[in-house]
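Here's a walk through one protein model, ligand and pocket included. Have the 3D view open while you read.

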Amino acid sequence: MQTDSTVLALQSGDRRALARAITLVESARADHRVQALDLLGRLGHLRQALRIGLSGTPGVGKSTFIEAFGLMLTGQGLRVAVLAVDPSSARSGASILGDKTRMERLSRDPRAFIRPSPSRSELGGVARRTREAVALCEAAGFDVVLIETVGVGQSETVVAALCDVFVLLMAPAGGDELQGVKRGIMEMADLILVNKADGDLKPAAMRTCSDYAGALHLLRRRPQAPPGVPQAMTVSAHNGDGLAGAWAHIGTLAQARRDSGHWATTRAGQARHWFAEEVRQGLLSALSREPARGLMADLGDKVARGDATPEAAAAEFLRLLGR
Ligand SMILES: Nc1nc2c(ncn2[C@@H]2O[C@H](COP(=O)(O)OP(=O)(O)O)[C@@H](O)[C@H]2O)c(=O)[nH]1
Ligand SMILES: [Mg+2]
């Protein structure tokens, strides 16, 4: 891959160049990694997209919502990228296909770009590559990057570290189910959208929404939050009700955060987080390579023979490795 021409093609917004660049950063091959780092280093920080994290359990309507919301935005002339962080290693081909059919119109829209989750076993690995994909989408001039994740607890935390605004999508539910939402996830949400507020489900959606609004009220107020944040609203991905209101709310929040400096502080903190994460991962993978691996085996033998205590051998290992 020619990195110079790749950078130019990317910055001109070429979607095929973007897709190829994402494939490069997702590759586990060492030579690809070198090229990927070079490419990422050349992108610059001239462009910033609004990064929106979207989480919700399977079936709440994430794909349907992204299709409708994405089309609304592209209809306004905005360019929209959709990325997924899927913690399940074996995301079936059928499920990706299902998403593609739910996002059929958006995937054919020239202003949109949709990329399924990279197939990796551990969430951390997926998230690190997704972060790089976000940077590539920004360089390609996308105005909005939607980062979708299935709500399984841990993945929300990861997505929250990737986005500027975090949206939680919920389904209409009976009062009992409200208890099932983890407090930590509620605390991360900037906006709770109760989807499927249409037809027979509308009354239940409205009830659920006011339940969440009440629950949000009980959370301690976040020091940086502008008035009215977090908020619960009803939407319908099917008929489009509430989507414009949700977008307006997100826009107001993003602007308030830019004005207060919170936006820049958050991004700086996120950059620090991902740096530390890369270091941690780098150290871990160095353990499975030479010279660490051999040293570990030798010292392990010593410990097994009773010639050294585990703690003394570990200290020696770290001393030798640190040299
Ligand atoms: N009534 C209604 N059904 C919806 C709405 N959004 C999604 N659904 C349905 O909910 C089901 C799951 O939607 P999907 O987008 O695949 O959910 P995901 O698993 O969160 O991506 C599908 O049968 C959708 O047609 C909505 O706004 N109203
Ligand atoms: Mg889906």
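## Arg115 and its partners

The side chains of Arg115 and Thr23 are joined by a polar contact of 3.1 Å. A polar contact here is a pair of N or O atoms within 3.5 Å; within protein, one must be able to donate a hydrogen and the other to accept it, and residues adjacent in sequence count only if both atoms are side-chain atoms. The Arg115 side chain also reaches the backbone oxygen of Ala19, at 3.2 Å. Arg115 itself is found in strand 3 (residues 112-115). Helices (H or I, at least four residues) and strands (E, at least two) are DSSP runs, numbered from the N terminus. Arg115 counts as buried because its relative accessible area is 14%; buried means under 20%, exposed over 50%, and partly exposed in between (1.4 Å probe, protein chains only).

Some housekeeping: this is a predicted model, where local features need pLDDT of at least 70 and side-chain atom pairs count only at pLDDT 80 or more, while totals for chains, interfaces and linings use all residues. Residues are numbered from 1 along each chain as its sequence is written, chains are lettered from A and ligands numbered from 1 in the order in which they are written, and side-chain values use heavy atoms, with hydrogens and water left out.

## Around ligand 1

Which residues come nearest to ligand 1? Of the 15 around it, they are Lys62, Thr64, Arg102, Asp198 and Ala237. To be near, a residue needs a heavy atom within 4 Å of the molecule. By class, this shell splits into 3 nonpolar, 8 polar and 4 charged residues. For that count, Ala, Val, Leu, Ile, Met, Phe, Trp, Tyr, Cys and Pro are nonpolar, Asp, Glu, Lys and Arg are charged, and the others, Gly among them, are polar. Helix 4 (residues 62-75) gives the most to the shell, with 3 residues.

Here are some of the distances to oxygen atoms of ligand 1:

| Residue | Atom on the protein side | Distance to a ligand 1 oxygen |
|---|---|---|
| Gly61 | backbone N or O | 3.0 Å |
| Lys62 | polar backbone atom | 2.7 Å |
| Thr64 | polar side-chain atom | 2.5 Å |

Taken alone, ligand 1 exposes 580 Å², and the protein buries 78% of that. Those areas come from the Shrake-Rupley method with a 1.4 Å probe.

Asp198, one of the residues that come nearest to ligand 1, also has a protein partner: its side chain makes a polar contact of 2.5 Å with that of Ser236. Ser236 is in the loop between strand 7 (231-234) and helix 11, and counts as buried because its relative accessibility is 0%.

Helix 11 covers residues 243-260, and Leu243 belongs to it. Leu243 is buried too, at 3% relative accessibility.

## The largest pocket

Now for the empty space. Rolling a probe the size of a water molecule over the atoms shows where such space is left. The largest pocket holds about 760 Å³. Of its 26 lining residues, His45, Arg51, Arg131, Ala135 and Glu138 are the closest to its centre. Helix 3 (30-41), helix 7 (123-139) and helix 12 (262-287) are the elements that give two or more residues to the lining. By class, the lining has 12 nonpolar, 6 polar and 8 charged residues.

On the method: a pocket is an open set of points on a 1 Å grid over the protein atoms alone, where a 1.4 Å probe fits, with protein on both sides within 12 Å along at least five of seven lines; lining residues have an atom within 4 Å of a point. The volume is the space filled by probe spheres set on the points, which are joined across faces, edges and corners.

Ala271 is in helix 12 and is partly exposed, with a relative accessible area of 49%. Its C-alpha is 9.2 Å from that of Leu162, 109 residues away along the chain.

Where is the cis peptide bond? It joins Glu290 and Pro291, with omega at about 5 degrees. Pro291 is in the loop between helix 12 and helix 13 (292-305).

Lys196 has a positive phi, near 70 degrees, in a residue other than glycine. Lys196 is in the loop between strand 6 (191-194) and helix 10 (202-218), and is partly exposed at 27% relative accessibility.
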